[in-house]
Amino acid sequence: MGLEGIGARVVRKEDKRFLTGKGRYTDDMTVPGMKYAFFVRSAHAHARIVSIDTSAAKDMPGIIDILGGKELQADGIGNLICGWMIHSKDGSPMKMGAWRPLAHETVRYVGDAIAIVVADSLAEARDAAEAVVVEYDVLPAVTQASRALEAGQPQIHPEASNNLIFDWQLGDADSTDAAVARAAHVTEMKIVNNRLSPNPMEPRATLGIYDEAEDHYTCYTTSQNPHVARLVMSAFYNVAPENKLRVIAPDVGGGFGSKIYIYPEEIVCLWASKKTGVPVKWTSDRTEAFLTDAHGRDHETTVKMAFDADHRIIGLKVDTIANIGAYMSLFSSATPTYLYATLLSGQYDIPAIHANVRAVYTNTAPVDAYRGAGRPEATYVMERTMETAARELGIAPAELRRKNFIRSFPHQTPVIMNYDAGDFEASLNAALAASDYAGFPARKAEAATRGMKRGIGMSCYIEACGIAPSAAVGSLGAGVGLWESAEVRVNAVGTIEVLTGSHSHGQGHETTFAQLIADRFGVSMDSVNIVHGDTDKVQMGMGTYGSRSGAVGMSAIVKALDKVEAKAKKIAAHLMEADESDIVIENGELKVAGTDKTLPWFQVALAAYTAHNLPSGMEPGLKETAFYDPSNFTFPAGCYICEVEVDPETGKTQIVQFVAADDFGNIINPMIVEGQVHGGIAQGIGQALLEAVHYDPANGQLITASYMDYAMPRADDLPSFQVSHQTTPCPSNPLGIKGCGEAGAIGSPPALINAITDAIGNNELNMPATPQKVWLAANAAH
Amino acid sequence: MAKVKMTVNGRQVGSECDDRTLLVHFIRENLGLTGTHVGCDTTQCGACVVHMDGRSVKSCSILAVQAAGSEIVTIEGLSSGGELHPVQAAFKANHGLQCGFCTPGMVMTSVDIIRRHGAQLDEATVRAELEGNICRCTGYHNIVKSVLAAAAEMGSAKEAAE
Amino acid sequence: MYATNYHRASSVQDALALKSSTDETKYLSGGMTLIATMKQRLAAPSDLVDLRHVADMKGITVSGRSVHLGAGTTHYDVSASAALKSVCPAICHLASHIGDPHVRHMGTIGGSVANNDPAADYPAALLALDAVIVTDRRQISAAEFFTGLFETALEEDEIVTAVTFEAPEKAGYSKFANPASRYAMTGVFVAKGAGGVRVAVTGAGADGVFRHAGLEQALSANWSPEAVAGVTVDSSNLMADIHASAEYRANLVKVMAKRAVAAA
């Protein structure tokens, strides 16, 4: 590795603009004539709309227009869809109800968009929105998924009887039931995975610009995947043909999944721009974000883990009810199925697994993938159950895991996944050593002298990243392929532009991707620019989620680099009258191996463009494109150990140590990878300790609609983290990398809850472990 | 409508705005300084932190008219001549930012923390002092590291100057 | 925020005149609660009279053990006052935990007490310190000043100009913060002075800040953290929300009282 090559801790190229206030986010965009939008939203969780009266509001100062769902529908704008078809175990397709961008018949959750107000200023738009009179026929609402399945509950969509969208299964029920029946010990648990709000610090925003002369639309949006946004808005929502729609996702302030999806606001602002003849900008406030950004998790699960007399797991039976919310968001069906149940083997050799998942409509915000997407839910089920089993069986948690680890690869699990590489024992051993696990009893005793209850817990996670082989996901119901594209343009002076379909919203692609080029050609990172996020500049790509930018996005760049390198070598060989196979690229030069003949990189590039002396038949130019479709998922794995002290008088938990030992395969920039782990762990700790979306079950009102009631992790809630890496290179992609974006959020919640339950001596504790809950549980344990 | 005058980043500015206009919107929209951000509605996230008359404040919870006559420094005014302020440099060196959205507020806050505490900062103090700034990306680990590094750097620079 | 008209007062008299000339007017001090409330459209004053530039309302004076805090003194200035720390460190400690550093740079003691948020910190201190709230026209004891949730004894146009108290022999404050808002989920201020022991609780009472007779009796008999153990805190008139039940708050009252005494 060079100073800037693969494996180097290079500081980020993009930082200067963010540090000096020169980042350009969607809400920073202004164009001439731009006006402001505010949405009229449902005040009720479930109601029929009797009438919408905008007459008084339209007369208010500064109002350009107020537009509703009937007009939108009349203009042929389509309903929002879920892009992944799941079939129930009886073979029937999932029951998807209509999601209108602007509701005009029925509203199904508090915040459902009804009308858009466009005005000279945001304040005037909001003033007028309050003057829009919506008459509702209020209907009963249901917010909890298991309750929504019960007889007599409100019917949310006519298509989904009893609110059941699908009843799906994976694995073999008979062999699993048999294993449970013959087991020497069965650990059975009821597990709730709490509902979360993703909360990227930049709220969603969009600026829709319609150019009448060109009949062309431009959409600035806070998106993790602008290309998919263009495809979906064009193909399914009939906003405009793809060649008439440019989607730009400029700097984006975090996503965590919530900015994958296409929401009503982008569609409506584009349409409203055409209707009103002015560019229309909408920026979410934080309360709107809590109301309408897709939430994450919200599972109710029962699990049975069956052991033989030797403490080997012989079967795992899981039954999950997943809350989908009021509408099916873009990937909502995949998250609790193929991104969840396929990871229920964990790091363990389990011969029989069966999972049943029912997905359910409720009168709540749509639920979709949030950092980890299904894998945190699977890991939480596995690792809470594993720790509980160890306690019940009276053996050390690490030893129970060790006994059941998968040790040879590839390993085919009973739930689709084929693990290609890993060394689970290495991560476990590293975490045990880093946490001084053996010294815990002494620390616990010392804490007791201060009146504190100290506990320790672990979690051994595995997840699937590098999403995903297109044919495989296609066979499972995905509506799109999950490859990635790249284009490498070497300019005539040797500088390089890399255009990628990945999108950076904090991950540091402008640095990591440039390191790849620097490593390959020995050129300076300063001579490399990464271009992304604009459908007019970059060819179709699939975007960033599922920790895929490294494993899939960079692999596409590698493929394009292979082609560039091959052509550059041909040109160099021709110019230096050498054999192509003798050309090597080192330190920015093309050399004839074993001689002193060299050509600087820029001269080869220049030769490609002057085209005065190219090999016979060669096209001028040095620019190559590649599409990379992965052959398998990648499988990051690791072990997290958390140590806490609980104040028994108040129930407050302090995390005194957090150790992460991860295997992400090869690493391009350790500094950035560590940052991803830190952030992921903080979100996992947030889920386990602080965060929960609360709806009032009586009326479906969102109680946690601001940071006054939704507890975000702050600096003083968290410790510094001890992070280390063990490496088994990923065999399925050219760089050997697995992905690191979500692991922290996947592995940490069970480690924390295992630690708290260890501290208080009561295993009955649901996330988030708020002081009140821990206090109650600690007292109940006595 | 009022004509609001103040000093922003050392320059006298004046602009017409409604009395209900928040300082953050005045800065972003009237002055075009979009480095100051809005991340919440309840005075909690700190993405909007600027300095007013030498102290860190939340520009989302102050009317522009309240700030009339004040000296305001925003993230754009923290450094000049292409050189980063030591706090900015420390954030870069220690990977104290990811998506960059909370970053201007974090940096302005950190400058204020170091102003009040000097080089004698410890991790617990930094974490407590960051109570009014929310970051969703970094887990604060590298932000805390950045603030400590900047404080040490500025402390030794001050010592050297004395 | 709804439309509003801003006026800047240069003196107390100026503020009173501005207030009387307009309807639906509110005084604006640091604005850390009022502006936030207006942003959420939960308050809609037609006019605001800004008190932040009234010089007479600022500053901290300590003479002997007599403390005078101008109503316009920021939480930061209270927290950082060496003079105040030398006679009553508990109130400096309290001020250093209100909101966050940026809020403390703007928010004022006068604004806080006039608003009387049931989860605010100052009301507990003032009640326990038997402080006097000085206004443009009279002096009101803290016991009579705080009358209910967001309710005070202030007349419609009355301005809090200062808070005064005699620093007690011992005082301590302990707060358990709401994990989300960081307001006091329960905060207890204890003071032992010439007038005996006073214990005031904020963040917990269904009717706002209150004194706890049982804790006062126990601590009068034995000023020590252990004395709290035998006291019963009735949960029946305490707040309950998604973060804390009344029973949990009752527990916190005892625990915070114990820790406040330990800190005193």
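Buried means under 20% relative accessible area. The views below come from a predicted model.

**View 1. Helix α16 of chain A, residues 549-576.** Of the 28 residues of α16(A), 21 are buried, so the helix is largely enclosed by the rest of the structure. At 1.5 Å a residue the helix should span 40 Å, and its end C-alpha atoms are 38 Å apart, which agrees. Glu577(A) follows α16(A) and has a positive phi, near 55°.

**View 2. His299(A) in strand β13 of chain A, residues 296-307.** Is His299(A) buried or exposed? Its relative accessible area is 4%, under the 20% cut-off, so His299(A) is buried. Leaving aside neighbours within four places in sequence, the contacts of His299(A) include Ile191(A), Val192(A) and Asn193(A), as well as Thr320(A), Ile321(A) and Ala322(A). Pro336(A), Tyr340(A) and Glu377(A) are also in contact with His299(A).

**View 3. The largest nonpolar core, with 216 residues.** Ile116(A), Met233(A) and Leu344(A) touch the most other members of this core. Helix α19 of chain A (residues 743-760) contributes the largest share, nine residues. Not counting residues up to four places away in sequence, Ile116(A) touches Ala37(A), Phe38(A), Phe39(A), Asp65(A), Ile66(A), Leu67(A), Val268(A), Cys269(A), Ala272(A) and Val280(A). A second, separate core has 51 residues, among them Leu94(C), Ile133(C), Ile140(C) and Ala142(C).

**View 4. Strand β6 of chain C and its pairing with β7(C) and β10(C).** Strand β6(C), residues 132-135, runs antiparallel to β7(C), residues 139-141, and three bridges join the two. The bridge partner of Val132(C) in β7(C) is Ser141(C). A hairpin of three residues connects β6(C) to β7(C). Strand β6(C) is also antiparallel to β10(C), residues 160-166, with four bridges between them. In β10(C), Ala162(C) is the bridge partner of Val134(C).

View 5. Domain 1 of chain B brings 17 residues to the contact and domain 2 of chain B brings 14 residues. How much area is buried between domain 1 and domain 2 of chain B? The area is about 1200 Å², and carbon and sulfur atoms give 60% of it. In domain 1 of chain B, the residues that lose the most area to domain 2 are His37(B), His51(B) and Ile75(B), together 38% of what that side buries.

Note on methods. Residues are numbered from 1 along each chain as its sequence is written. Chains are lettered from A and ligands numbered from 1 in the order in which they are written. This is a predicted model: local features need pLDDT of at least 70, side-chain atom pairs count only at pLDDT 80 or more; totals for chains, interfaces and linings use all residues. Side-chain values use heavy atoms; hydrogens and water are left out. Two strands pair if DSSP finds at least two bridges between them. Buried means under 20% relative accessible area, exposed over 50%, partly exposed in between (1.4 Å probe, protein chains only). Contact means heavy atoms within 4.5 Å. The expected span of a helix is 1.5 Å times one less than its number of residues. A nonpolar core is a set of buried Ala, Val, Leu, Ile, Met, Phe, Trp, Tyr and Cys residues joined through side-chain atoms within 4.5 Å. Buried area is the accessible area (1.4 Å probe) that two parts lose on being put together, summed over both.
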